[in-house]
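Thanks, everyone. Please have a look at the sequence and the structure on the screen, and then I'll walk you through some of the packing.

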Amino acid sequence: MSPLVLSDYSTDEDGEQTFTTPSSFSSSSSFSSGSAVLHRSLKVDPLKVIAASGINLQLSNGQEILDATGGAAVSCLGHGSQRVQKAIMAQMDIGVSYCHSMFFSTTASEGLAEELIASTNGQMAKAFIVGSGSESMEAALKLSRQYYLELKPPQLKRDKFISRHESYHGITLGALAAGGHKARRGPFEPLLAKITSQVSACNSYRGMKDGETEGQYVERLRAELDAEFVRVDPKTVCAFIAEPVVGAALGCVTSPPGYFKAMKSVCEKYGALLIFDEVMCGMGRTGTIHAWQQEGVVPDIQTIGKGLGGGYAPIAGLLINHRVVDVLRTGTGSFAHGQTYQGHPVSCAAALEVQRIIREEDLMNNVKKMGQKLEKLLRDQLGEHPNVGDIRGRGLFWGIEFVQEKALRQPFDPKEQIAWRIQEKGLQPPYSISLYSGTGTADGKSGDHILLAPAYNVTASEIEIIVDRTKRVIQDYFDTWV
Ligand code: PLP
């Protein structure tokens, strides 16, 4: 998802599509964009970053922005890592700037794949490296289908997926079709393959019924998934797709204990694969390299991105378990999918160094420690605010959901773009903080939220500043909200 959720289509209850435009994008804006870049807005140029260091961004207007979200949960080491810069230069010095991964391998891509497989304690067998999270989801969909074509005997009818409402798995047509993000699907719905259906998101704050225990909630969602398999015909389902911690679509929503085990049991019952989308929540963001390592559930295929290269290079990928690899190995012996820049050596060298730094500097420990501090400060300083409905997350991945009426958990009308406006206000002095906003759904199943995802090497004093500025921008916004 692009870092700035500036404007969105939304589908109202009658299925009518509307396009809402935030105030800063209105035609009355004071200037129109003269940039040659096609930015999200054709009316207003985004702020221009001319330098960066650590978690600070220097703008062309002289302002310094504290990046509390690492862009879109990407910059996991902050900016200016000498080690990563040297690793990129070393790869260039070797002279291997590119070679086609269909015919050649490189030390960089082999090294990165080994590092990634080792991080799964051997639970995964192979890594497949691409350039973006959306590409990785495209590859995951095709790999799942190919798995069933090559099973002995083949299961040719498997061509469907089940995902969850309020989910986002990428912006390209296949990945968009896999997700349940109504607003993002909206304008492109007619172009999307009818390959998925959705079950309820697991969102305790909005999904649990009064008096229901977490165990009962999990059981209700398990039964819903089971019923969905039966409805679409279990013999046609390739995989269930879910984010272990839901990032941009819901704002750092974790699941009650046992939820993913229950979901996996349904997949196993019907012989379907389990795909975890860890593009946003993975690669250390929640305190373990892989988010599934805290769920006691190993996926069959896992997408990774963002923190993989920490923003030093465009890179993402798949981790694939033995079950899937073995079927291809004894089948056609190849994955019928490939892209020109797959396994790009410079990107792989950058990502490998990012991953080595995370491991050698024990940054998972810092994620856990600073995550606890972030959670405590957010709860202490914002927990009682009348418009803060929920604070949730894990590691250095925290979401704040806004409500009109706290006791009733009444969300704001998405058309008001509350979270976007808070994000926009945060970028202005005196706050000068970059937050990441997400808009709720018109049916009230999710509310407006902002997300915090600082770098893994963030310091205690930076956490204090992040919370202080976040609190002030939220307080000031609602003090003047009418
Ligand atoms: N999956 C999830 C969970 C994401 O959050 C995103 C991006 O925000 C993607 C997939 C798509 O990744 P990319 O924007 O790199 O294509």
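At what angle do the axes of helix 13 and helix 14 cross? Roughly 120°, and the axes come within 10 Å. Helix 13 covers residues 418-426, and helix 14 covers residues 460-480.

Some ground rules. This is a predicted model, where local features need pLDDT of at least 70, side-chain atom pairs count only at pLDDT 80 or more, and totals for chains, interfaces and linings use all residues. Residues are numbered from 1 along each chain as its sequence is written. Helices (H or I, at least four residues) and strands (E, at least two) are DSSP runs, numbered from the N terminus. Axes are lines fitted to C-alpha atoms, for helices over the stretch in contact, and angles run from 0 to 180 degrees between N-to-C directions.

Back to our pair. Helix 13 and helix 14 are therefore oblique to each other (under 35 degrees is roughly parallel, over 145 roughly antiparallel, 65 to 115 roughly perpendicular, the rest oblique). Who meets whom? From helix 13, R421, I422, K425 and G426; from helix 14, V473, I474 and Y477. Contact here means C-beta atoms, placed from the backbone, within 7 Å. The residues of this contact are four nonpolar, one polar and two charged. Ala, Val, Leu, Ile, Met, Phe, Trp, Tyr, Cys and Pro count as nonpolar, Asp, Glu, Lys and Arg as charged, and the others, Gly among them, as polar.

Next pair. Helix 2 (residues 82-94) and helix 11 (residues 345-360) have axes that come within 8 Å and cross at roughly 150°. That makes helix 2 roughly antiparallel to helix 11. Their crossing is right-handed. In helix 2, the contact residues include V84, A87 and I88; in helix 11, they include V346, A349 and L352. The contact of helix 2 with helix 11 divides into 12 nonpolar residues, one polar and two charged.

Now the sheets. Strands pair if DSSP finds at least two bridges between them.

Strand 11 (residues 301-304) and strand 12 (residues 316-321) pair antiparallel over four bridges. I304 sits opposite G317 of strand 12.

Strand 5 (residues 64-67) runs parallel to strand 15, joined by two bridges. There, L66 stands opposite I433.

Last, confidence. pLDDT is the predictor's confidence in each residue, from 0 to 100. The chain's mean is 93, and 93% of its residues reach 70 or more. Over residues 1-31, pLDDT stays under 50. Where pLDDT is low, the predicted coordinates should not be read in detail.

Terms used:
Contact = placed C-beta atoms within 7 Å. Left-handed = near helix turned anticlockwise from the far one by under 90°.
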